[in-house]
Amino acid sequence: MNCDIDGEMENQVEMEEKTRLINQVLELQHTLEDLSARVDAVKEENLKLKSENQVLGQYIENLMSASSVFQTTDTKSKRK
């Protein structure tokens, strides 16, 4: 009879341990899914910002080329 109680207690402890491990695995899976979604969102935002930077860079370049302040001067021809 004592053996039956010990066996049942071991069984109970083993089941609790399995349940704890399963819950831990599920929690880690959810964390991984959340991190993966966050990485995807950051990649998307990064691509958007790169595109915006290219547009702004082109805009600045066009402004600079249209402005006489940023035009190159030929000092040799002015001296003659």
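Which residue forms a salt bridge with Lys18? The partner is Glu14, with the closest N and O atoms 3.7 Å apart.

## Basis

This is a predicted model, in which local features need pLDDT of at least 70 and side-chain atom pairs count only at pLDDT 80 or more, while totals for chains, interfaces and linings use all residues. Residues are numbered from 1 along each chain as its sequence is written, and side-chain values use heavy atoms, with hydrogens and water left out.

## Helix and annotation

Helix H1 covers residues 2-66; helices are DSSP runs of H or I with at least four residues, numbered from the N terminus. An unreviewed UniProt entry annotates residues 18-52 as "coiled-coil region"; such annotations may be inferred rather than shown by experiment. Over residues 18-52 the chain is 100% helix and 0% strand (strands are DSSP runs of E, at least two residues). The end C-alpha atoms of this stretch are 51 Å apart.

## Salt bridges

A salt bridge is a side-chain nitrogen of Lys or Arg within 4 Å of a carboxyl oxygen of Asp or Glu, and the count comes to two. Lys18 and Glu14 are four residues apart in helix H1, so about one helical turn separates them. Arg20 and Glu17 form a salt bridge at 2.7 Å, N to O, and are three residues apart in helix H1.

Glu14 has 43%, Arg20 43% and Glu17 37%.

Technical notes: Buried < 20%, exposed > 50% of the residue type's maximum accessible area, 1.4 Å probe, protein only.
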